[in-house]
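Here is a brisk report on one protein model.

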Amino acid sequence: QEDSVKTGKVTSAGMFFLGFPVYRFEQNNSVAAAKDPDSAFFKRLDGFQPCEVNELKAGTHFFAVYGDNFFKSATYNIEVVCAEPFSTEKEKLRCVEAKILAKRSELSKFESEYREVLAKFTEMTSRYTQEMQTIDELLKERNAIHASYTNNTTLQRSSSSNKGKTSSKESKSDDDQTVKKEKKSKSKSMEGSRSDDDGPRKEKKPKERLRRKKWFNIHLKVDKRRPC
């Protein structure tokens with residue numbers, strides 16, 4: 001039994017009886033090949049199988065032809081060709097089929113090597129991805145540590161500058177208070193001396209005392225860095 005091949009508008013099947021073992025080739029399923037191309041490739045020559053009959057002896061032989069149209073009979077032609085004039089083609093066919101058989105045995109060995117290398121390649125690919133992620137994380141951590149050094153120094157500088165400002169302000173305020181105290185003491189001593197020299201004076205009104213007291217208690221603060 002031979003599977004037919006469509007050539008143009010007709011289908012044809014060839015049967016060869018050459019006196020030595022010949023082979024038929026059955027194509028693999030295209031759907032399975034699309035799902036798993038690797039397995040389809042290594043099983044491609046599994047359909048290369050020997051034919052049962054190698055030669056035609058004298059006698060009566062029956063050939064069956066069937067079609068896929070159930071509504072009308074199939075139209076067919078049977079052509080018989082003598083193989084004696086094709087001696088060169090016979091040797092070429094025998095040689096190429098022997099090479100196909102050798103290649104089929106090589107494929108089985110190559111498949112095991114390919115699967116092993118493919119598994120190793122998959123392992124190396126996953127390791128490559130992991131190593132890339134690890135390197136990125138380490139570099140990111142290093143950059144974060146460098147950035148923390150910079151941020152800490154700026155914070156320390158700002159805190160130290162703030163401390164310096166507050167201390168200078170406190171010293172200025174202390175100086176201002178000491179100056180005020182000295183002024184008050186001087187003014188009191190001046191008043192005492194005046195009262196002793198000039199004698200008894202007329203008492204001032206309480207309103208003027210309050211006004212003068214308010215005037216001396218006003219705290220005037222001038223920032224030397226800013227112009228008035």
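## Burial and surface

Of the 228 residues in the protein, 6% are buried (under 20% relative accessible area; exposed is over 50%, partly exposed in between; 1.4 Å probe, protein chains only). The accessible surface comes to about 21300 Å² (Shrake-Rupley method, 1.4 Å probe). Carbon and sulfur atoms hold 55% of it.

This is a predicted model: local features need pLDDT of at least 70, side-chain atom pairs count only at pLDDT 80 or more, and totals for chains, interfaces and linings use all residues. Residues are numbered from 1 along each chain as its sequence is written, and side-chain values use heavy atoms, without hydrogens and water.

## Element order

The protein has four helices and four strands (DSSP runs numbered from the N terminus: H or I, at least four residues, for helices; E, at least two, for strands). From the N terminus, the order is β-β-β-α-α-β-α-α.

## Aromatic pairs

The whole structure holds five aromatic pairs (Phe, Tyr or six-membered Trp ring centres within 6.5 Å; planes under 30 degrees apart are stacked, over 60 edge-to-face, the rest tilted). Tyr23 and Phe48 are stacked, 4.8 Å centre to centre with 15° between the planes. Tyr23 lies in strand 3 and Phe48 in strand 4, so the pair ties together parts 25 residues apart in sequence. Tyr23 is partly exposed at 23% relative accessibility; Phe48 is buried at 5%.

Phe110 and Tyr114 form a tilted pair, with centres 6.1 Å apart and planes at 45°. Both lie in helix 3 (residues 87-198), four residues apart. Ring pairs link Phe41, Phe42, Phe110 and Tyr114 into a cluster.
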